[in-house]
Amino acid sequence: MPIVQVRNVSKTFYRDRGPGVRAVNDVSFSIEEGETLALIGESGSGKSTVGRLMLRLIEADDGEIVFDGHDVRRRSPEELRRLRATMQVVFQEPYESLNPRMSIGAIVGEPLEIHERGLSGRQRAARVAEMLDEVGLDPALAGRRPGALSGGQQQRVGIARALITRPRFIVLDEPTSSLDLSVQGQILRLLQDLQKRLKLTYLYISHDLSTVSYIAHRVAVMYLGQIREIGSVDDVVNRPQDPYTRALLNAFLSPDPTVRTRDTYRLSGEIPSPTQVQRGCFLYSRCPSRIEPCASTPADLRQLDPGHEVRCIRAPLSQPLVTVNPELRTFGGPPRPTQKQQA
Amino acid sequence: MLEVENVTTRFRSRRGVVHAVNGVSFRVGSSEIVGIVGESGCGKSATIRSVLGLIQPPGEIVGGRAVFDGTDLLAIPAGALRRLRGSEIGFVAQNPFGSLNPILSVAAQFHNLIVAHRGRLSRKQTRDMALQALQSVGISGPERVLDGYAHELSGGMAQRVVIGMATVLGPRLLVADEPTTALDMTIQRQILDLLQDLVRKRERSMILVTHDLGVVAQYCDRVVVMYAGKVIETGPTAQVFARPAHPYTQALLGSVPRRGEEIGILAGRVPSLIDYPPGCAFSNRCVHALDRCARIVPASRPVAGEDGWNVSCHLVSGDADPLSREEDVRAHRAG
Ligand SMILES: Nc1ncnc2c1ncn2[C@@H]1O[C@H](COP(=O)(O)OP(=O)(O)OP(=O)(O)O)[C@@H](O)[C@H]1O
Ligand SMILES: Nc1ncnc2c1ncn2[C@@H]1O[C@H](COP(=O)(O)OP(=O)(O)OP(=O)(O)O)[C@@H](O)[C@H]1O
Ligand SMILES: [Mg+2]
Ligand SMILES: [Mg+2]
């Protein structure tokens with residue numbers, strides 16, 4: 001049984017004048033309990049908006065969002081407040097999401113105040129210290145304000161605040177984008193460990209393919225408000241069938257300077273504005289593999305293999321459109337030092 | 001182009017003085033891209049903010065020089081530095097929303113920036129410049145973005161608007177703090193190609209603070225590795241990545257995630273920057289640490305006679321790197 005289901009959800013942002021921005025366009029997916037779905041895709045394609053819609057931080061125009069059998073869009077404010085104890089979010093912009101006047105300790109402890117009211121001040125402080133330690137922060141930072149922390153430290157405060165009540169479902173919007181590899185690894189392990197022990201469910205929004213293939217079970221790829229392709233990590237990363245996914249994966253930068261990764265398969269041409277109404281396939285104007293019918297035939301998601309859906313009308317291709325970046329097979333970095341640091 | 005020497009910056013806090021930047025030195029040549037990497041909180045942002053005169057109380061620069069084209073940026077009046085910033089030196093801050101004004105349209109912000117440095121230009125002229133800047137960073141529907149406000153932008157769009165503002169006046173030095181964290185890989189690549197082109201063809205320079213080793217490997221000519229407010233290793237990217245000399249650099253490069261493998265993480269935590277340790281700041285986490293590592297600060301010295309490749313580590317004895325050192329010792333014993 002999926003714990004969250006998103007069905008045909010759309011969102012347009014209107015402004016005083018001019019056409020609205022179609023940020024999310026008829027998006028559907030579901031996530032099983034204990035599963036991680038990664039959401040990747042073009043910057044500005046609607047990923048963060050999907051996350052905010054799921055927690056009803058903003059209102060959808062259309063569609064259904066079902067969490068644990070309840071339609072989130074129909075909950076009363078009181079019911080929603082209770083639901084929030086079990087649904088949390090780590091925002092993409094760490095500093096913007098932290099109250100600059102509150103101490104780190106108060107920020108991280110705030111969800112406990114709302115959802116675990118029985119705790120004494122001392123118990124709460126202990127939980128906060130423990131949580132800070134889990135995300136690799138010195139508990140002595142509890143007394144500082146967000147402005148006195150580095151970008152990556154602020155990001156971890158956001159993660160600590162979201163995890164402290166052990167919610168059942170968490171939207172993680174680029175949670176490790178400001179973290180170095182070692183701290184990033186620590187956070188990913190923590191998330192994975194909590195997931196295994198407590199069956200937590202994650203929507204993991206990221207641009208970082210190596211963390212995605214480490215933590216996610218399935219991946220959805222977004223472009224211009226739509227899901228272009230969705231499937232297992234193996235399907236999407238190893239056998240991508242949509243031209244957008246292929247172009248995206250091809251741009252991966254190898255961490256090995258001796259491997260000069262060239263993106264031979266790239267998007268070109270005019271980038272359509274999300275205010276324009278598209279006919280046919282949304283990728284048409286930039287697609288390296290377009291053919292005549294793509295201009296007018298709507299590209300709907302359809303199943304290629306069980307669990308693997310794609311929009312491109314040409315998929316599956318008998319011949320691969322490109323040889324997908326060989327680097328992606330291993331995410332090979334420079335050779336590991338022979339004498340490893342202990343894990 | 002830029003020579004940073006011994007920059008030292010502290011923050012006063014209730015618990016004591018935070019030694020965020022402790023005598024950082026590095027140089028950036030013309031037509032060169034220098035990457036700065038290091039653990040979260042190690043002083044990367046504080047270093048570049050010091051150089052750009054952007055440290056505010058309770059922070060304080062207590063020493064050092066940053067010579068840009070013959071001028072010490074740390075010694076000139078704030079007004080002169082402000083004139084340089086934005087025109088001669090472009091800056092992309094780590095938090096893009098922090099550099100955008102929430103109540104002015106993007107077009108108005110471009111206009112104010114341009115006229116502040118270039119004098120009277122019409123709205124139409126500045127708009128055209130802004131439009132071109134936004135197009136070059138791959139913004140879809142730049143007209144809509146120009147007439148919009150910061151809160152209407154996605155994370156990656158805000159980042160691109162700030163990159164557009166930092167480059168619109170053609171600075172000779174671009175300092176970018178994590179400029180592509182919110183960008184997808186195709187746009188990231190497009191923007192880095194664009195910036196690299198500017199640097200190479202027009203003899204500009206760039207400092208790129210990043211956690212993304214792919215960005216360093218593919219775009220940075222040289223890399224500066226920081227740990228606990230100090231530069232612990234610096235050198236040409238190719239050499240440092242192929243044979244990292246410092247145990248921290250080794251650990252960092254060794255933690256590139258690989259599919260199907262347990263993720264590599266470094267045990268232990270950075271020492272508190274308030275009670276700064278007397279010896280090598282990495283010694284408490286270093287698997288190779290010797291007795292003296294915790295007591296004596298290692299000096300920076302050249303690695304294996306290579307030009308421009310330096311490391312601060314007691315284990316590196318001048319001509320051997322620590323990877324081969326233990327083998328040397330073993331061979332020596334056996335022989
Ligand atoms: N409050 C708003 N008002 C107007 N437009 C908005 C608003 N919020 C988002 N948008 C627009 O909706 C689109 C999707 O934004 P969203 O933040 O979901 O993108 P994203 O996929 O998360 O991008 P990124 O990877 O850059 O973070 C963008 O075109 C953005 O400009
Ligand atoms: N106002 C302040 N008061 C006290 N300490 C501060 C203040 N600002 C920064 N610091 C501390 O200085 C150190 C260096 O911060 P800096 O922002 O330079 O780190 P960074 O290397 O950029 O990290 P990140 O990769 O996480 O952005 C951090 O440990 C931070 O906690
Ligand atoms: Mg986003
Ligand atoms: Mg920083």
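This is a predicted model: local features need pLDDT of at least 70, side-chain atom pairs count only at pLDDT 80 or more; totals for chains, interfaces and linings use all residues.

## Before we start

## The largest cavity

How many cavities of 30 Å³ or more are there? The count comes to eight. The largest cavity holds about 500 Å³ of space. It is lined by 30 residues, and those closest to its centre are Asp208(A), Ser210(A), His211(B), Asp212(B) and Leu213(B).

Sorted by class, the lining has 14 nonpolar, twelve polar and four charged residues.

## The site of ligand 1

Now move to ligand 1, which has 22 residues around it. Ser43(A), Gly44(A), Thr49(A), Glu152(B) and Ser154(B) are the closest. Because the surrounding residues come from chains A and B, the site is shared between chains.

Oxygen atoms of ligand 1 lie 2.9 Å from a backbone N or O atom of Gly46(A), 2.8 Å from a polar side-chain atom of Ser48(A) and 3.2 Å from a polar side-chain atom of Arg144(B). Ligand 1 taken alone exposes 640 Å², and the protein buries 93% of that.

## The site of ligand 2

Around ligand 2 there are 20 residues, with Ser150(A), Gly152(A), Gln153(A), Ser45(B) and Ala46(B) coming nearest. Why is this site described as shared? Residues from chains A and B surround ligand 2, so the site is shared between chains. Helix H5 (151–163) of chain A, along with strand S2 (16–28) and helix H1 (44–51) of chain B, each give at least two residues to the shell. By class, this shell has eight nonpolar, ten polar and two charged residues.

A polar side-chain atom of Ser150(A) sits 2.7 Å from an oxygen atom of ligand 2. Polar backbone atoms also take part: one of Gly152(A) is 2.7 Å from a ligand oxygen, and one of Ala46(B) is 2.7 Å from a ligand oxygen. On its own, ligand 2 exposes 640 Å², of which the protein buries 93%.

## The magnesium ion

Which residues coordinate the magnesium ion (ligand 4)? They are Ser45(B), through OG, and Gln94(B), through OE1, at 2.0 to 2.2 Å. This pair links distant parts of the chain, 49 residues apart. Ser45(B) belongs to helix H1 of chain B, while Gln94(B) lies in the loop between strand S6 (89–92) and helix H3 (106–118) of chain B.

Conventions. Residues are numbered from 1 along each chain as its sequence is written. Chains are lettered from A and ligands numbered from 1 in the order in which they are written. Side-chain values use heavy atoms; hydrogens and water are left out. On a 1 Å grid over the protein atoms alone, a cavity is a set of points where a 1.4 Å probe fits but cannot get out, and a pocket is an open set with protein on both sides within 12 Å along at least five of seven lines; lining residues have an atom within 4 Å of a point. Grid points are joined across faces, edges and corners, and a volume is the space filled by probe spheres set on the points. Ala, Val, Leu, Ile, Met, Phe, Trp, Tyr, Cys and Pro count as nonpolar, Asp, Glu, Lys and Arg as charged, and the others, Gly among them, as polar. A residue is near a molecule or strand if one of its heavy atoms lies within 4 Å of it. A polar contact is a pair of N or O atoms within 3.5 Å; within protein, one must be able to donate a hydrogen and the other to accept it, and residues adjacent in sequence count only if both atoms are side-chain atoms. Accessible areas come from the Shrake-Rupley method with a 1.4 Å probe; for residues, only the protein chains shown count as cover. Helices (H or I, at least four residues) and strands (E, at least two) are DSSP runs, numbered from the N terminus. Donors are N, O and S atoms within 2.8 Å of the metal (3.2 Å for Na, K and Ca); water is not among the atoms, so sites may look incomplete.
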